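User: I have not seen this structure before. Could you take me through it?

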Amino acid sequence: MAGGPAALLMGTWTDAFVAPARPDLLPPESFGRLVVDLARERVVRTPWWLLAGRLCVNASLNWVSVSGQARYDRPAPGSSLRTERHPLWQEDDDPPPWGDSHEEARLLATGESIRHVLPALRAAPHGREDIAVVFPCLDFRHRAISDFLICEDHRTMLVCFALARPQVRPLATDDTAEAGGEVHPVRTCVVHTYKLARRIGPAPAITAIAARHFGPDLVTGRTWG
């Protein structure tokens, strides 16, 4: 299988997602409980960042996304963020993840305590703009996460998306390959990234929490490159 265990052991970056089978948007309170459970059950580490604007669910988390800018640059609330092309990548008009993403967002809020994310989400333009809650990395102290990852890596971002309109995620593709293949429409989904793992993601600990909020009928997939 292309992009399987051998590729993972070589250190290929993978963005894995889990989403409901139907492209439904979770209500704000339900979306907030999903976000809170991921932190309270120590699947992810805080701080968290809340973004709103025009987001791309296929933007490579660590490299060109506004989620990555929030995570690594840690701007102040109110800051405007835009997709930045990787300096070594040529411009590409294929759809993401094979081509360029174009994102523009505002950082609405950030915090160390997960308790403060719910009031921030209540004030967010849920359903009118794309929303994302960003966590900096998975929590290696969680047994299921340490069993999934080969080594602790603080670059393993996780992002919860609540999109104003459906977007499509490929089910399995190398983002350096030709565009095409089977896709799945999403409005609410969880995406996380990893480089070295013992199995193909998404991580089971994340899928278990997603099933609690999305229902048991889930779709998972991944991009790598």
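Analyst: Let us begin with a term: a residue is called buried when its relative accessible area is under 20%. Please also note that this is a predicted model.

User: Then which residues of helix α6 are buried?

Analyst: Helix α6 covers residues 204–214, and its buried residues are Ala205, Ile206, Ile209, Ala210, His213 and Phe214. Viewed down the axis of α6, these buried residues fall within an arc of 150°, so they line one face of the helix.

User: What follows α6?

Analyst: Gly215 comes after α6, and its phi is positive, near 100°.

User: Let me step back. How many helices and strands does the protein have?

Analyst: There are six helices and eleven strands.

User: And what is the radius of gyration of the protein?

Analyst: The protein has a radius of gyration of 16 Å; a compact globule with 225 residues would have one near 17 Å, so the value agrees with that expectation. The C-alpha trace spans about 45 × 40 × 35 Å along its principal axes.

User: How much of the protein is buried?

Analyst: Buried residues account for 55% of the 225 residues. The accessible surface amounts to about 10,200 Å², and carbon and sulfur atoms hold 51% of that surface.

User: What share of the contacts comes from residues 24 or more positions apart?

Analyst: Counting contacts with a separation of 6 or more, 79% are between residues 24 or more positions apart.

User: Now for a single residue. Where is Thr193, and is it buried or exposed?

Analyst: Thr193 sits in strand β10, which covers residues 183–194. Its relative accessibility is 1%, so Thr193 counts as buried.

User: Which polar atoms does its side chain meet?

Analyst: A polar atom of the Thr193 side chain lies 3.0 Å from the backbone oxygen of Thr14. The side chains of Thr193 and Asp15 are also joined by a polar contact of 2.6 Å.

User: Which other residues is Thr193 in contact with?

Analyst: Apart from neighbours within four places in sequence, the contacts of Thr193 include Trp13, Leu61, Asn62, Arg155, Thr156 and Met157.

User: How far is Thr193 from His213?

Analyst: Their C-alpha atoms are separated by 21 Å, and the two residues are 20 residues apart along the chain.

User: Changing topic, how many aromatic pairs are there?

Analyst: The structure holds two aromatic pairs. In one of them, the ring centres of Trp13 and Trp63 are 6.1 Å apart and the planes are at 80°, so this pair is edge-to-face.

User: Where do Trp13 and Trp63 lie?

Analyst: Trp13 is in the loop between α1 (5–9) and β1 (14–20), while Trp63 is in the loop between β3 (48–54) and α3 (66–73), so the pair ties together parts that are 50 residues apart in sequence. Trp13 is buried, with a relative accessible area of 9%, whereas Trp63 is partly exposed at 42%.

User: What about Phe148 and Tyr194?

Analyst: Their ring centres are 5.1 Å apart with the planes at 85°, so this pair too is edge-to-face. It links distant parts of the chain, with Phe148 in helix α5 (residues 143–148) and Tyr194 in strand β10, 46 residues apart. Both Phe148 and Tyr194 are buried.

Definitions and conventions: Residues numbered from 1 in each chain as written. Predicted model: local features only at pLDDT ≥ 70, side-chain atom pairs only at ≥ 80, totals over all residues. Heavy atoms only, no water. Buried < 20%, exposed > 50% of the residue type's maximum accessible area, 1.4 Å probe, protein only. Helix = DSSP H or I, 4+ residues; strand = E, 2+ residues; numbered from the N terminus. Arc of directions from axis to C-beta. Polar contact = N/O pair within 3.5 Å; in protein donor to acceptor, adjacent residues only side chain to side chain. Contact = heavy atoms within 4.5 Å. Rg over C-alpha atoms; globule rule 2.2 N^0.38 Å. Areas by Shrake-Rupley, 256 points an atom, 1.4 Å probe, with all protein chains shown as cover. Phe/Tyr/Trp six-rings, centres within 6.5 Å; stacked < 30°, edge-to-face > 60°.
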